[in-house]
Amino acid sequence: MPIHGDNQVALISGGTSGIGFATAQLLLKEGWSVVINGRNEHVGQEAVVKLRRISSKVRFVQGDVSKVMNCRRIVEETVRLFGGLSALVTAAGFYKEELLDDVSEAAFDEMFGTNVKGTVFLCQAAAPYLRRSKGSIVTVSSDAGLQGNVSCTVYGASKGAIVSFTKSLALEMAVHDVRVNCVCPGDVDTSIVAKQLAESNQSAEEALEEMAMHYPLGRIAKPNEIGEVIAFLLSDKASFVTGAAWTIDGGLTSW
């Protein structure tokens, strides 16, 4: 049954785990209604069960955001469920380390399909509702979108595209009082990093220690540390912030 009222409504792609899930937790604690999106129905419903320990105002909508028709359906389903849309967080992302010599067309399409196409067309589908609510968008880029990373040519290109897209969209939406910002995390303690560490020749503990050495703060981020900045950017406390790319990287890009 749709839930109506004056609540703030957020749609979070990639909301079943990692940064997206942490953001959903924070927004639910603040009284928001939240729709989380992901590809896997079972994983999504498990995430909803966990989130309902915080609030009942959460739903899951399945869909692969690399398909434009899914982006439209996910947004429309969110509006049907909660009666409107106040915020969009595009946390769905794909990561793979690969030298340019080894990149196939299929691998390129998968990376840009999720990271860039999914971001662009979710924003396009959400824009009419956000103009109506004078809402806010936060896209999720990466430190790799701001500087080069070894074996991340295509990933870095996709995340750099998100930064540029965010800044351009912020200019388009400013006349409608819709703010658009992006966050650029470094490594975050999520399943993506866990998989990356598992592929190392070292033990997981040793690989994590080595990764942490690259950060001035001596560690990688927790998902909620990124979620806190996203929640701030969505809030009225950030009412004069738009077109910004926020580094949340423990000083990594300041070396």
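1. In the predicted model above, Gly18, Ile19, Ala22, Thr23, Leu26 and Leu27 of helix α1 are in contact with Pro223, Asn224, Ile226, Gly227, Glu228, Ile230, Ala231 and Leu234 of helix α8, contact being taken as heavy atoms within 4.5 Å. By class, this contact has 9 nonpolar, 4 polar and 1 charged residues, where Ala, Val, Leu, Ile, Met, Phe, Trp, Tyr, Cys and Pro count as nonpolar, Asp, Glu, Lys and Arg as charged, and the others, Gly among them, as polar. Helices are DSSP runs (H or I, at least four residues) numbered from the N terminus.

2. On how these figures should be read, residues are numbered from 1 along each chain as its sequence is written, and side-chain values use heavy atoms, with hydrogens and water left out. Since the model is predicted, local features need pLDDT of at least 70 and side-chain atom pairs count only at pLDDT 80 or more, whereas totals for chains, interfaces and linings use all residues.

3. The axes of α1 (residues 18–29) and α8 (residues 223–234) come within 8 Å and cross at roughly 55°; axes are lines fitted to C-alpha atoms, for helices over the stretch in contact, and angles run from 0 to 180 degrees between N-to-C directions. The two helices are therefore oblique to each other, given that angles under 35 degrees count as roughly parallel, over 145 as roughly antiparallel, 65 to 115 as roughly perpendicular and the rest as oblique. The crossing of α1 with α8 is right-handed, meaning that the near helix is turned clockwise from the far one by less than a right angle.

4. Helix α1 also packs against α2 (residues 41–51), at an angle of about 35° and with the axes 11 Å apart, and this crossing too is right-handed. Here Phe21, Ala24, Gln25 and Leu28 of α1 meet Ala47, Lys50 and Leu51 of α2, a contact that divides into 5 nonpolar, 1 polar and 1 charged residues.

5. The structure holds 1 cavity of 30 Å³ or more, a cavity being a set of points on a 1 Å grid over the protein atoms alone where a 1.4 Å probe fits but cannot get out, with lining residues having an atom within 4 Å of a point. The largest cavity contains about 70 Å³ of space, and its lining includes Phe94, Lys96, Glu98, Met111 and Tyr155. Two or more lining residues come from each of α4 (105–133) and α5 (153–174), and by class the lining has 8 nonpolar, 2 polar and 2 charged residues.

Technical notes: 1 Å grid on protein atoms, 1.4 Å probe; cavity = no way out; pocket = protein on both sides within 12 Å on 5 of 7 lines; lining within 4 Å. Points joined across faces, edges and corners; volume = space filled by probe spheres on them.
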